[in-house]
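Open the model in your viewer and keep the selection panel at hand. The stops below take you from one selection to the next.

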2 protein chains.
Amino acid sequence: MRVTAVETHDVRARTSLTLAGSDAAHADPDYSAAYVVLRTDGDIEGHGFTFTIGRANDLCLAAVNALKHHVVGMDLDEITGDMAAWWRRLTSDSQLRWLGPEKGVIHLATAAIVNAVWDLWAKRAGKPVWQLIADMTPAQLVSCIDFRYITDAISPDEALDMLRALGLSRDSRITELRRDGYPAYVTSVGWLGYPEEKVRELCRAAVADGWRSFKTKVGISIESDVRRCEVMREELGDRVSLMADANQVWDVAEAIEWVRFLRPFDLRWIEEPTSPDDVLGHAAIRRAIAPTGVATGEHCANRVIFKQLLQAQAIDYVQVDACRTGGLNEVLAVLLMAAKFGVPVCPHAGGIGLCEYVQHISIADYICISGSLDDRTTEYADHLHEHFVHPAVIKDGRYVVPEAPGYSAEIRAESLDSLSFPGGSEWR
Amino acid sequence: MRVTAVETHDVRARTSLTLAGSDAAHADPDYSAAYVVLRTDGDIEGHGFTFTIGRANDLCLAAVNALKHHVVGMDLDEITGDMAAWWRRLTSDSQLRWLGPEKGVIHLATAAIVNAVWDLWAKRAGKPVWQLIADMTPAQLVSCIDFRYITDAISPDEALDMLRALGLSRDSRITELRRDGYPAYVTSVGWLGYPEEKVRELCRAAVADGWRSFKTKVGISIESDVRRCEVMREELGDRVSLMADANQVWDVAEAIEWVRFLRPFDLRWIEEPTSPDDVLGHAAIRRAIAPTGVATGEHCANRVIFKQLLQAQAIDYVQVDACRTGGLNEVLAVLLMAAKFGVPVCPHAGGIGLCEYVQHISIADYICISGSLDDRTTEYADHLHEHFVHPAVIKDGRYVVPEAPGYSAEIRAESLDSLSFPGGSEWR
């Protein structure tokens, strides 16, 4: 099956109207997807996207168009036969790598294309992406990963050994997840723009729905942050997990001081306390605020930054994003490194479609890579799922294992129309 | 004086035809500038650009257009009156920061705009940019810098103390530089695509021109790298400085092993031995290969990466780029941190127009910030200077101090026409 064309769509939701998604760094988030359809000469298509915000979508779509010659005309087997080599070509384009390398716009666009290829591959195999991965031999899985720049943390041989060690117990974990789902937490009760009464109502509704793990946004002022945590604990009690997300607002010393004021609320983690590039800063914060954990990842540019966060013992939770790094291939590299260093992966989600993606990541992590659910929980936000052909489903605060073939990335035709920017009905 | 419009130009030189600029990561470099003209209601304009390669220019120009509302309509005094605050707004655009933050395409585009503002500011003052900086009070200079995320390495008060300590001896350094120029080294003798005989000829010509410091490209194979270094040492002798640039081709252990083979050539530094994001990797390489120095910077995304390279004692030379970080304001932050940590800044240059920019950076560093020429040398490549209204001038292997008002960034009108992509005569 050959890829004949890459079609792009500018998909934007007007979430800024309701302040869903608002946090200390994003006052007016219009959740958007730079959406990619891989047309083929067969009877299926590949669907993928990268998540962005509003005007950022223009640039990601332009970057997809700049990269698409790496996939148009390729046979799917040529790509998947040596996927690490294909991924290396995509990320090493000799005229585009100056824009990164492997970071920012060009890497977000890479993810849209790469994830669409995984969707196509899984659809052809008639499997959800997590199962496509779970059914690979260790050698096949390792062959998807470009180990460049991470061999000082993990070698292909070490990865093979780790994967082989888990192979025998694989089926029992699949059975377990199909029965129980994958543990999750909910973010959409605590957006920064929401008034207190709305937060209270949403907390009560979430508890009634079976949620036991919650996150709130912080970072405006110590007084307001303390108040937000008080409100959450009042509604939720002391027996649920509570996390807080600062969205990069603090310098290192400021983070350490600020988190001390939040100590009474027994936070499981503080998320993005400072710049996502600051490995040594996160390590200093982590040493100072234990036992509160440190989490970051949604803005970590690539596997090299994650490698260092692990080497420096800088974080307690790896919050890899499905689109920030260069698509699923690089996510697999991060999962392997995290497993080797014994740090749980709790992927970032929310936005539009990120929950649909990350359920596959977390499920594959448990089945093949880490083999553990200890201290794991995957983000969920209750927005925009209605636009997907196969939306993520939550039951009792856990992701239900997706069974439809593909990467759950396909947006409904009606939604592609209505969310189309600037012509769709949402924007007219 | 008010900025009334931001005009953009797609400027590309067909340097790939001659393999000038070729290295281990860039086989077909068409040196390009995403070029910006700030139109004003006065009688002067601001000129700035960001350097990219070929097709990458499209995306940088699109990003300039996405950011330009932060400067159009602004009075120059509004911007320069609190430049750190303006810079923070530009780099924190709530819909665009998802694309970085502060890295890649969006940060390169930020640099084009920011550098054009400095050009305009200096022209209005009737001074070259280095002198605009040198004539500032310590408080004025510090007010240009956003210290966010670097206060654990340097505080505004520390910066003020450092600047004040150098103030009294400032004039003698200006006199010295006007007399002697600023020390430089030459890269354009050793591009990877050049055959041996061409390298020999260029070395002889450069020695005759007064050059005493040289760089070669490496990273293809140990045999060919050893041969390249042999050829350079044969032509140049043992009394000149020789550096080698690997352009990110190695993993950490590979870099350490490879550089051992180059030990006989007494390299002053190995440049970009591995991923520019790998602070801890550079530190490991540096420990292993001393006394050969480690240099990096042209691909370091921002001040947060530089901060960590300094904190981790990972590099011997800071090769800050004039466009990679968000323009001159962030470069000043890097210069201050480097001075505090006692590490020399040897800016990256070459490309198109980077030599024109960095001469101002190095001169300002000596006059106001580090106060030292010890172990300093600024890159020079002998390409494309003819396109500039005020090209960088080299005499006896040193930059001659530029005296024309502005940031030396203005491209000649004829060149703007001929290099215009795709319509210019160079491309037809």
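Which residues of β3(A) lie on one side and which on the other, and are they buried or exposed? On one side are A:Gly46, A:Gly48, A:Thr50 and A:Thr52, on the other A:His47, A:Phe49, A:Phe51 and A:Ile53, and all are buried. Buried means 20 or more other C-beta atoms within 10 Å of the residue's own; exposed means 12 or fewer, partly exposed is in between, and C-beta atoms are placed from the backbone. Strands here are DSSP runs of E with at least two residues, helices are runs of H or I with at least four, and both are numbered from the N terminus.

Before moving on, note that this is a predicted model: local features need pLDDT of at least 70, side-chain atom pairs count only at pLDDT 80 or more, and totals for chains, interfaces and linings use all residues. Residues are numbered from 1 along each chain as its sequence is written, while chains are lettered from A and ligands numbered from 1 in the order in which they are written.

**The strands**

A hairpin of five residues joins β2(A) to β3(A). Pick A:Leu38: its bridge partner in β3(A) is A:Gly46.

Now switch to chain B. Three strands form an open, antiparallel sheet there, in the order β1-β2-β3. β1 (3–12) and β3 (46–53) of chain B are the edges; each has a single partner strand, so one side of each lacks a neighbour in the sheet. From one strand to the next, the twist averages 20°. Eight bridges join β2(B) to β3(B). Click B:Val36 to find B:Gly48 opposite, in β3(B).

**Between the chains**

Select both chains. In all, 49 residues of chain A are in contact with 49 residues of chain B; contact means C-beta atoms, placed from the backbone, within 7 Å. On the chain A side, elements giving two or more residues include β3 (46–53), α4 (104–125) and α13 (303–311). The largest share, six residues, comes from α1(A). By class, that side has 24 nonpolar, 15 polar and 10 charged residues. Nonpolar covers Ala, Val, Leu, Ile, Met, Phe, Trp, Tyr, Cys and Pro; charged covers Asp, Glu, Lys and Arg; the others, Gly among them, are polar.

Next, pick A:Val105. It touches residues of both chains, among them A:Leu59, A:Leu99, B:Leu59 and B:Val105. Of the 294 residues in the largest nonpolar core, A:Leu59, A:Val105, B:Leu59 and B:Val105 touch the most other members. Such a core is a set of buried Ala, Val, Leu, Ile, Met, Phe, Trp, Tyr and Cys residues joined through C-beta atoms within 7 Å.

**A helix pair in chain B**

Show α9(B), residues 196–208, with α10(B), residues 222–236. They pack at about 35°, with axes 9 Å apart. Axes are lines fitted to C-alpha atoms, for helices over the stretch in contact; angles run from 0 to 180 degrees between N-to-C directions. Among the residues that meet are B:Val199 and B:Cys203 in α9(B) and B:Val231 and B:Met232 in α10(B). This contact has six nonpolar, no polar and four charged residues.

**Last stop**

Finish at A:Thr292, in the loop between α12 and β8 (293–296) of chain A. A:Thr292 is buried, with 22 other C-beta atoms within 10 Å. Its contacts include A:Val259, A:Leu267 and A:Trp269. A:Arg260 is 32 residues away in sequence, yet 9.4 Å away in space, C-alpha to C-alpha.

Methods. Two residues are in contact if their C-beta atoms, placed from the backbone, lie within 7 Å. Two strands pair if DSSP finds at least two bridges between them. Lists of a residue's contacts leave out its neighbours within four places in sequence.
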